[in-house]
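Hi everyone, thanks for coming. Let's have a look at the structure together, and then I'll walk you through a few parts of it.

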Amino acid sequence: MPELPEVEALAGFLAGRLAGRTVERVFPAAVSVLKTYDPPLSAFEGHVVAGVHRHGKFLDLAAHDGPHLVFHLARAGWLRWSDSLPAVPPRPGKGPLALRLRLAEGDGFDLTEAGTQKRLAVYCVRDPADVPGIASLGPDPLAPGFTLAAFTGLLRGERRQVKGVLRDQGVVAGIGNAYSDEILHAARMSPFKLAASLTDEEAADLYEALRTTLLEAVERSRGRAAADLKDEKRSGMRVHGRTGQPCPVCGDTVREVSFADSSLQYCPTCQTGGKPLADRRLSRLLK
């Protein structure tokens, strides 16, 4: 799933190719992709793109004096740029194509989604806040106002495990499964520690790990083409997606805990005092 660093890079990538240019057509190719009907998707056509913005994991294409085209790539979605797109509408079908945006000069992008669980979402709205997922977002961790004091306030009273808190878009916007694993590894913290139990020192360490991990990932991704961002994300991971491999910090074997539709990775030596975490489905978690 694209998370904050990749979506930030995609926003920059698209801004350099769309800003000041006219949208000729927007073709939906999957019935499930469009989540709004007023204004219609065709209302975005003929407008000049004013800018591209990120809201958490949402991308927002803003038109001059017109609507916003907002999309969320979900778990298996991606954006593919093309210097030459067909002028005829794509045929709706069972393939990966979800939506096509064609500029007046013939170039543009496709939104694609792999797999059978179609969750990629597109909205044509008058204001980004009209998108429920954007309206409910917590603060952006890269915003100037996201201070240690603000972060500590978000954790206060949270009886959930810190892994789940970091992934909650209503608490902090833009962090998903992968970067929450990376942040907790950098903070040397168990993913199942209760957020409300953190000491001031632990909260400060987690805040520093969060900011550093995301800023470094954004910097690595900055200026890269959309086609290169997935590989860049994978190459920068220390524990996420590296089950069975040695931890780059201590050399211990990276372990995994599996859930119904996801998994997390961690280093026992760095994060849990050398103790492997039990599978949540079978027993209580080790603290």
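Let me start with a question: does A74 count as buried or exposed? At 9% relative accessibility, A74 counts as buried, where buried means under 20% relative accessible area, exposed means over 50%, and partly exposed is in between, with a 1.4 Å probe and protein chains only.

Before going on, a word on what we are looking at. This is a predicted model, in which local features need pLDDT of at least 70 and side-chain atom pairs count only at pLDDT 80 or more, while totals for chains, interfaces and linings use all residues. Residues are numbered from 1 along each chain as its sequence is written, and side-chain values use heavy atoms, with hydrogens and water left out.

Back to A74. You'll find A74 in the loop between β4 and β5 (77-82); helices here are DSSP runs of H or I with at least four residues, strands are runs of E with at least two, and both are numbered from the N terminus. The phi of A74 is near 55°, a positive value in a residue other than glycine. As background, most residues other than glycine have a negative phi, and most peptide bonds are trans. D65 also has a positive phi, near 50°. D65 sits in the loop between β3 (58-63) and β4 (68-72), and D65 is exposed, with a relative accessible area of 82%. And where is the cis peptide bond? It runs from D38 to P39, with omega near 5°, and P39 belongs to the loop between β1 (23-28) and β2 (49-55).

How many of the 10 residues of α5 are buried? The count is 9, which leaves this helix mostly covered. The buried residues of α5 pack against α1, α4 (162-167), α6, α7 (229-235), β10 (263-266) and α8 (268-271). Contact, by the way, means heavy atoms within 4.5 Å.

Not counting residues up to four places away in sequence, S180 touches K163, L166, R167 and I175. H185 is also found in α5, and H185 is buried too, with a relative accessible area of 3%. Setting aside residues up to four places away in sequence, H185 touches R238, V239, C247, V249, C267, C270 and Q271. Just after the helix, R188 takes a positive phi of about 60°.

How does α5 meet α6? Helix α5 (residues 177-186) and helix α6 (residues 200-221) pack at an angle of about 130°, with their axes 8 Å apart. That makes α5 oblique to α6, because angles under 35 degrees count as roughly parallel, over 145 as roughly antiparallel, 65 to 115 as roughly perpendicular and the rest as oblique. The axes are lines fitted to C-alpha atoms, for helices over the stretch in contact, and angles run from 0 to 180 degrees between N-to-C directions. On the α5 side we have Y179, E182, I183, L184 and A186, meeting L206, A209, L210, T213, L214 and A217 in α6.

Helix α6 also packs with α1, at an angle of about 35° and with the axes 8 Å apart. Here L4, P5, E8 and A9 of α1 make the contact with L214, A217, V218 and S221 of α6. E8 is partly exposed, with a relative accessible area of 29%. Although E8 and V218 are 210 residues apart along the chain, their C-alpha atoms are separated by 7.0 Å. Beyond its neighbours within four places in sequence, E8 is in contact with R54 and V218.

Last stop, the cores. A nonpolar core is a set of buried Ala, Val, Leu, Ile, Met, Phe, Trp, Tyr and Cys residues joined through side-chain atoms within 4.5 Å. Of the 33 residues in the largest one, L14, L18, L61, F71, L101, F109 and L111 touch the most other members. Helix α1 (residues 4-18) gives the most to this core, with 7 residues. Apart from this core lies another, of 27 residues, among them L155, A178, Y179 and A209.
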